[in-house]
Amino acid sequence: MLVLTRRAGESVRIGDDVTVTVLDVRGDVVRVGIQAPRSVSVHRDEVYRELRNANQQAVVSTDAAADALSAALRRTGRYPAR
Amino acid sequence: MSVADATTVELPTIEFTSPIPGFPEHRTFVLVSTTDDGLIYTLRSVDDPDLRFLVVPPAPFYPDYAPEVGDAVIEQLASTRPEEDLLVLLVVTVGERADEATANLLAPVIVNRTTRRAVQIVLNEDLPVRAPLLSA
């Protein structure tokens, strides 16, 4: 891992179009500002990991899961077919 | 009378402007209504037919759900009329038992029906990634 020392107000540039700026440091909390193109998604790492896990667990390889879910919906009687 | 050949029927292909977290290689998906009740849709990867997600419209399940879609997302999806263009879909995890299916309320998929661009966004709200879909 590349390690750099930065002060509040200083930045790091990643590639041509991503800039990470240290905004302020208070105790053990660091606030950073990130400038990136819209096509680059920026997430807190723990949120990204949770989302990735959730997406990976959501994958189905056949329509059987849809049929099972549809049957479960019908059993509740709450979701009338349109 | 001609009958459309199933292999040539044009399916609505949607393009993710940023990859779905966990699936950096897959950006193009086909959105199909899987069941005739209009409640469950399948997002199927064009490159890998075995990679599918079940998605649902939030309204029938979570009537109070109203995700705030920011200007950056509207711009990313090239939406000119967000109220009409944008479709919200929730990714469902079925798991072992369909009765215990959950939906991801924190990270909905937003689709622009006009440009057929989509993105999975993370809302800046305290919402569950696994909310029971069929809660009592």
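## A two-chain model, strand by strand

In chain A, strand β2 (residues 18-26) pairs with β3(A) in the antiparallel sense over seven bridges. Here, helices (H or I, at least four residues) and strands (E, at least two) are DSSP runs numbered from the N terminus, and two strands count as paired if DSSP finds at least two bridges between them. This is a predicted model, in which local features need pLDDT of at least 70 and side-chain atom pairs count only at pLDDT 80 or more, while totals for chains, interfaces and linings use all residues. Residues are numbered from 1 along each chain as its sequence is written, and chains are lettered from A and ligands numbered from 1 in the order in which they are written.

**The sheet of chain A**

- The strand order is β1-β2-β3 in an open, three-stranded sheet with antiparallel pairing.
- At the edges sit β1 (11-14) and β3 (29-35) of chain A, each pairing on one side only.
- On average, neighbouring strands here are turned by 25° against each other, direction ignored; axes are lines fitted to C-alpha atoms (for helices, over the stretch in contact), and angles run from 0 to 180 degrees between N-to-C directions.
- Four bridges join β1(A) and β2(A) in the antiparallel sense, with A:Ile14 opposite A:Val18 in β2(A).
- These two strands make a hairpin with three residues between them, and A:Gly15 in the turn has a positive phi of about 65°.
- A:Arg26 has A:Val29 of β3(A) as its bridge partner.
- As background, strands of a sheet pair through backbone hydrogen bonds, either parallel or antiparallel.

**Overall layout of chain A**

- Chain A has two helices and four strands, which follow the pattern β-β-β-α-β-α along the sequence.
- With a radius of gyration of 22 Å, well over the 12 Å that the globule rule gives for 82 residues, chain A is more spread out than a compact globule; the radius is taken over C-alpha atoms, and the rule is 2.2 Å times the number of residues to the power 0.38.
- The C-alpha trace of chain A spans about 60 × 30 × 25 Å along its principal axes.
- Chain A is divided into domain 1 (1-38) and domain 2 (43-76), with bounds that come from an automatic or database domain assignment.
- The centres of these two domains, taken over C-alpha atoms, are separated by 34 Å.

**Where chain A meets chain B**

- In all, 30 residues of chain A are in contact with 36 residues of chain B, contact meaning that the C-beta atoms, placed from the backbone, lie within 7 Å.
- On the chain A side, α1 (45-58), β4 (59-60) and α2 (64-76) each supply at least two residues, and α1(A) gives the largest share, ten residues.
- That side divides into 16 nonpolar, nine polar and five charged residues; Ala, Val, Leu, Ile, Met, Phe, Trp, Tyr, Cys and Pro count as nonpolar, Asp, Glu, Lys and Arg as charged, and the others, Gly among them, as polar.
- Strand pairing crosses between the chains too: β4(A) and β4 (residues 52-56) of chain B pair in the antiparallel sense over two bridges, with B:Phe53 the bridge partner of A:Val59.

**Chain B and confidence**

- Chain B has two helices and nine strands.
- Its radius of gyration is 15 Å, close to the 14 Å that the globule rule gives for 136 residues, so chain B is as compact as a globular protein of that length.
- Chain B has a mean pLDDT of 88, and 91% of its residues reach 70 or more; pLDDT is the predictor's confidence in each residue, from 0 to 100.
- Over residues 1-8 of chain B, pLDDT stays under 50, and the model has one contact beyond four places in sequence for them.
- The model scores ipTM 0.86 and pTM 0.86.

Definitions and conventions: Two residues are in contact if their C-beta atoms, placed from the backbone, lie within 7 Å.
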